[in-house]
Amino acid sequence: IYSMYTRAENLAKDLKNEELDSMWRDTHSRAATTAVYYAKSLQGLWIKLAQFMSARSDVLPDEWIHALSVLQDAIPARPISEIKQTIKEEWHVDHWSELLSHLNETPLAAASIAQVHTAVIRANGQKIALKVQHRGVADLIRQDLDNAAYLLDCIAEERPDLDFRSILNEWCFETRSELDFIKEAQSTEEVGGYLAQ
């Protein structure tokens, strides 16, 4: 992507206004399409970052916003076998059915960090929405955050006019906190308490 823009900058020196506008639109479109391809391939943090950036029309051109917006609802669900294995391991049980009398195999929603299934608690029959973090995603996202920061440091050093580190920093704290489902549950209960008053 960086090389696409470097090449475009070199070409821009010899183009007139109309040709220049067309060349930049084409470059933005090709670069954004490439970014979407790699975000889908790498998943996790890169999908989250693309989703975040799709809402940043103050930073990115329209071609990028349009291309990235397809990732808002394009997260495939993980296999139910993976979800059941995660439940088993996280709750230290031999089988997920020790905790749940029912687990809907079709998720209500799937996202870059987790997916949500309806379920029924075996002990009391309560219907719940069960959010299950994707296996290994926390470690992967932490590593990807470090990698993204490194990449942006390199780009900013080479090209100070392309210093997007403040945007990444704005977003990194929130992304790390999204990995803590216990804190999220506590916050949800707190908000529920306020709404009940």
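Reader: How do α2 and α4 lie to each other, roughly parallel or roughly antiparallel?
Author: Roughly parallel. Angles under 35 degrees count as that, over 145 as roughly antiparallel, 65 to 115 as roughly perpendicular and the rest as oblique. This is a predicted model: local features need pLDDT of at least 70, side-chain atom pairs count only at pLDDT 80 or more, and totals for chains, interfaces and linings use all residues. Residues are numbered from 1 along each chain as its sequence is written, and side-chain values use heavy atoms, with hydrogens and water left out.

Reader: What angle, and how far apart are the axes?
Author: About 25°, with the axes 8 Å apart. Axes are lines fitted to C-alpha atoms, for helices over the stretch in contact, and angles run from 0 to 180 degrees between N-to-C directions. Helix α2 spans residues 17–42 and helix α4 residues 62–69.

Reader: Which residues of α4 meet α2?
Author: Glu63, Trp64, Ala67 and Leu68. Their partners in α2 include Arg25, His28 and Val36. Contact means heavy atoms within 4.5 Å.

Reader: Now the whole chain. How many helices and strands?
Author: 8 helices and 4 strands. These are DSSP runs, numbered from the N terminus: helices are H or I, at least four residues, and strands E, at least two.

Reader: In what order do the elements run?
Author: From the N terminus, α-α-α-α-α-β-β-β-β-α-α-α.

Reader: What box do the C-alpha atoms fill?
Author: Roughly 75 × 30 × 30 Å, along the principal axes.

Reader: And how much of the chain is buried?
Author: 34% of the 197 residues. Buried means under 20% relative accessible area, with a 1.4 Å probe and protein chains only.

Terms used:
Buried < 20%, exposed > 50% of the residue type's maximum accessible area, 1.4 Å probe, protein only.
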